[in-house]
Amino acid sequence: MNTARDILSLSTEAMGDKEKRVVTELQHGLPITSRPYAVIASRVGLDEAEVVAIVQRLRQNLTIKRFGVIVRHHELGYRANAMVVWDIPDNQVADVGQKMGTFSFVTLCYRRARQLPEWPYNLYCMIHGREQQRVLDNIDHLIRSCDLKIFPHEVLFSGRRFKQRGAVYQYVEAERAVDLCPTARVGN
Amino acid sequence: MMDTVDRAIINTLQEGFPVCDQPFAKVAGMLSLTESELTTRLQALLDEGVLNRFGPLFHTERMGGCVTLAAMKIPKSYLHSVIRVINGFPEVAHNYERTHEFNIWFVIAAETLAAIDDVIAGIEQRTGFIVYNMPKEREYFVGLKFKV
């Protein structure tokens, strides 16, 4: 599924060379086999124990946010997918955002830049459900529980999915990145 | 079709996967399956497209990359041609229609902020519509877990 065109180049200094090699391999997923890290290790020229240690470190420092199955929620029956946007005063948004994140039906919660005057909303939360009414009930529950009644909000349900894929990064040596980036960036 | 074992596998594996030499054997034990039963079922769920991927979800910014969410207001008659332009950029990951005047929402991931700005400028130039950039300022919660 990942064509060459879909692979972006990164020349960051944020990670060591061994880590970059492991990350590049892992983006395509973990091999589903008895000793997956041994397979990764053989592809990147490290040994299994080194790869396990690197992945543990990437998890500890939260470079890996989550590790496991990434579901296609639509295929699993989660058809009602609401992005709820809120206009919360800047000095309260952190408290509200953290509180929203504690509700089991909230799957993501972010603060984003406003685009005034057309878009005053700065807090986003995602609520996925099997039925639209259930999602709306959950939003009501959130408003009551977090005292959000005074803050403007809007509910944007998702319609058609035009594209879904993970962004795939290719770590390259810094000097090669100069050559590779333009190719990766061609937007046609 | 998924059965109760498949559901248990999906629910368990969204919670986190052990990082050790033989992680599938460890998870199989938790689910009272053999290692090969687990890997066979997992591969089938991937092949059927129920699962998108098995592996890590990376924090793009910590990897040195940049990501943003952008929105556009596109009249219905222009929708198809605009979508084609947007999806033509490899930096665009997800792209969804939403029920709002701001009806197109997509994620742009690139190596630098300048590259993201280039994509935005490119889309605006080629469609004639404004791209509203809504960059993330704080992440309060990332669960993205679905009980099945």
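## Basis of the description

Two strands are taken to pair if DSSP finds at least two bridges between them. Helices (H or I, at least four residues) and strands (E, at least two) are DSSP runs, numbered from the N terminus. In S6(A), Phe157(A) is the bridge partner of Ala82(A).

This is a predicted model, in which local features need pLDDT of at least 70 and side-chain atom pairs count only at pLDDT 80 or more, while totals for chains, interfaces and linings use all residues. Residues are numbered from 1 along each chain as its sequence is written, chains are lettered from A and ligands numbered from 1 in the order in which they are written, and side-chain values use heavy atoms, with hydrogens and water left out.

## The interface of chains A and B

Chain A contributes 86 residues to the contact (heavy atoms within 4.5 Å) and chain B contributes 80 residues. The buried area, defined as the accessible area (1.4 Å probe) that two parts lose on being put together, summed over both, is about 8000 Å² between the chains, and carbon and sulfur atoms give 58% of this. In chain A, the residues that lose the most area to chain B are Ile32(A), Arg66(A) and Phe162(A), together 10% of what that side buries.

Between chain A and chain B there are 5 salt bridges, each being a side-chain nitrogen of Lys or Arg within 4 Å of a carboxyl oxygen of Asp or Glu. In the salt bridge of Arg160(A) with Glu97(B), the closest N and O atoms are 2.8 Å apart. Strand S6 (residues 153–163) of chain A gives the most to the side of chain A that touches chain B, with 10 residues. That side of chain A divides into 44 nonpolar, 23 polar and 19 charged residues; Ala, Val, Leu, Ile, Met, Phe, Trp, Tyr, Cys and Pro count as nonpolar, Asp, Glu, Lys and Arg as charged, and the others, Gly among them, as polar.

## A sheet built from both chains

An open sheet of 9 strands, with antiparallel pairing, has the order S5(B)-S2(B)-S4(B)-S3(B)-S6(A)-S3(A)-S5(A)-S4(A)-S6(B). Strand S5 (132–134) and strand S6 (136–142) of chain B stand at the edges with a single partner strand each, so one side of each is left without a neighbour in the sheet. From one strand to the next the twist averages 30°, with axes being lines fitted to C-alpha atoms, for helices over the stretch in contact, and angles running from 0 to 180 degrees between N-to-C directions.

S6(A) pairs with strand S3 (residues 92–98) of chain B in the antiparallel sense over 3 bridges. Here Tyr96(B) is the bridge partner of Arg161(A), and Lys163(A) stands opposite Asn95(B). S6(A) is also joined to S3(A) by 5 bridges, in antiparallel fashion. On the chain B side, 4 bridges join S3(B) to the antiparallel strand S4 (residues 104–110), with Ile104(B) as the bridge partner of Glu97(B).

## Salt bridges and local backbone

Over all chains, the structure holds 17 salt bridges. One of them joins Glu25(A) and Arg43(A), with the closest N and O atoms 3.0 Å apart. This pair links distant parts of the chain, 18 residues apart: Glu25(A) lies in helix H1 (residues 17–26) and Arg43(A) in helix H2 (residues 36–44) of chain A.

The peptide bond from Leu116(A) to Pro117(A) is cis, with omega near 0°, and Pro117(A) is found in the loop between S4 and S5 of chain A. Leu62(A), although not a glycine, has a positive phi of about 65°; its place is in the loop between helix H3 (48–60) and strand S2 (64–71) of chain A.
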